[in-house]
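Biologist: I would like to learn how to read the sheets and the confidence values of a model. Could we go through one together?

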Amino acid sequence: MVLDLKICPACGDRAERPRVENGLLVCAVCAHQWPFRRLPLFALTGPSGAGKSTVGPRLADRLGDLALVVEQDVLWTGALRDDVPGHPAFRSTWLRMAAMLHQNGRPVVLCGTVAPPEFERLPERVFFSDIHYLALVSEPDALRKRLLARPAWREWDEERVEEMLEFNEWLQAEAPSMDPPVELFDTTHIPVDDAVDHVEKWVRSLLSGAQRPSAAVG
């Protein structure tokens, strides 16, 4: 079992704001220091309907040797499904989960709608060497058609579709100026295999410039 990185293995204190010094986690209560794997996190983001859920399963097959591909919506439930802007409880839980998974030696590719301000300001951001963002986007008419074609249980009415179209537009306008910048990939006229190829190359190229995941400790 991998311990939640917010919990000190020596005294058991749970840090609200984890501290990392010289590559080590440091307990603010007992000063215990311990090493951990500080790997990059890959956020495959973008509006609903742009292709994340289609690309994700195929990406998992492609990256089985390098990374773990997970879907963020599985935790969009219960107390985590709040109305607070940015959904900090939901985002923090995912960062903690990804950080624990990283202790097995492979980085996480998290598939789900997120923007840098929703991750970068959280205390749990310290667990990651970098967070890289790639957004799948689409032309508005194509995105609308995809969303309205979804099963009724997903509850994509006109109001919700318009909100997602606004997010799609905002993301494309603001992506270059975000900190860090968000890379965009338009899936409107792209075959699924080509989209999977692009995302796979994005992950592999970023990892090739860093330490091998299995060796990135501390």
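Biologist: What pLDDT does the chain average?

Modeller: This is a predicted model, so confidence comes before geometry. The chain averages a pLDDT of 93, and 95% of the residues score at least 70. Over residues 212-218 the pLDDT stays under 50, although the model has 22 contacts beyond four places in sequence for that stretch.

Biologist: Which domains does the assignment give?

Modeller: The domain assignment gives domain 1 as 1-36 and domain 2 as 37-211. Their C-alpha centres lie 28 Å apart. Across the boundary, 12 residues of domain 1 are in contact with 11 residues of domain 2.

Biologist: In what order do the three strands of the open sheet with antiparallel pairing stand?

Modeller: Strands of a sheet pair through backbone hydrogen bonds, and the pairing is either parallel or antiparallel. Here the order is S1-S2-S3, with antiparallel pairing. Strands S1 (19-21) and S3 (33-35) are at the edges; each has a single partner strand, so one side of each lacks a neighbour in the sheet. Neighbouring strands of this sheet are turned by 40 degrees against each other on average, direction ignored. As a detail, S2 (residues 24-26) is joined to S3 by three bridges, and Leu24 stands opposite Pro35 in S3.

Biologist: In what order do the five strands of the other open sheet stand?

Modeller: The order is S5-S6-S4-S7-S8, and the pairing is parallel. At the edges are S5 (68-71) and S8 (183-186), each with a single partner strand, so one side of each has no neighbour in the sheet. On average, neighbouring strands of this sheet are turned by 20 degrees against each other, direction ignored.

Biologist: Which helices pack on the sheet?

Modeller: Among them is helix H2 (residues 88-102), which touches S4, S5, S6 and S7 and whose direction makes about 150 degrees with that of S6. Helix H5 (residues 158-174) also packs on the sheet, touching S7 and S8, with its direction at about 125 degrees to that of S7.

Biologist: How many bridges join S4 to S7, and how many join S4 to S6?

Modeller: Five bridges join S4 to S7 (residues 131-137), and the two run parallel. Phe42 stands opposite His132 in S7, and Thr45 stands opposite Ala135 in S7. The bridge partner of Leu44 in S6 is Cys111.

Biologist: Are the faces of S4 covered or open?

Modeller: In a regular strand the side chains alternate between the two faces of the sheet. In S4, Leu41, Ala43 and Thr45 are on one side and Phe42 and Leu44 on the other, and all are buried, which covers both faces. Five of the five residues of S4 are buried, so the strand is largely enclosed by the rest of the structure.

Biologist: Is Thr45 buried or exposed?

Modeller: Thr45 lies in S4 (residues 41-45). Buried requires under 20% relative accessible area; Thr45 has 0% relative accessibility and therefore counts as buried.

Biologist: What lies 2.6 Å from a polar atom of the side chain of Thr45?

Modeller: The backbone oxygen of Val114 lies at that distance. Leaving aside neighbours within four places in sequence, Thr45 is in contact with Lys52, Gly112, Thr113, Val114, Leu134, Ala135 and Leu136.

Technical notes
Residues are numbered from 1 along each chain as its sequence is written. This is a predicted model: local features need pLDDT of at least 70, side-chain atom pairs count only at pLDDT 80 or more; totals for chains, interfaces and linings use all residues. Side-chain values use heavy atoms; hydrogens and water are left out. Two strands pair if DSSP finds at least two bridges between them. Helices (H or I, at least four residues) and strands (E, at least two) are DSSP runs, numbered from the N terminus. Axes are lines fitted to C-alpha atoms, for helices over the stretch in contact, and angles run from 0 to 180 degrees between N-to-C directions. Buried means under 20% relative accessible area, exposed over 50%, partly exposed in between (1.4 Å probe, protein chains only). A polar contact is a pair of N or O atoms within 3.5 Å; within protein, one must be able to donate a hydrogen and the other to accept it, and residues adjacent in sequence count only if both atoms are side-chain atoms. Contact means heavy atoms within 4.5 Å. pLDDT is the predictor's confidence in each residue, from 0 to 100. Domain bounds come from an automatic or database domain assignment.
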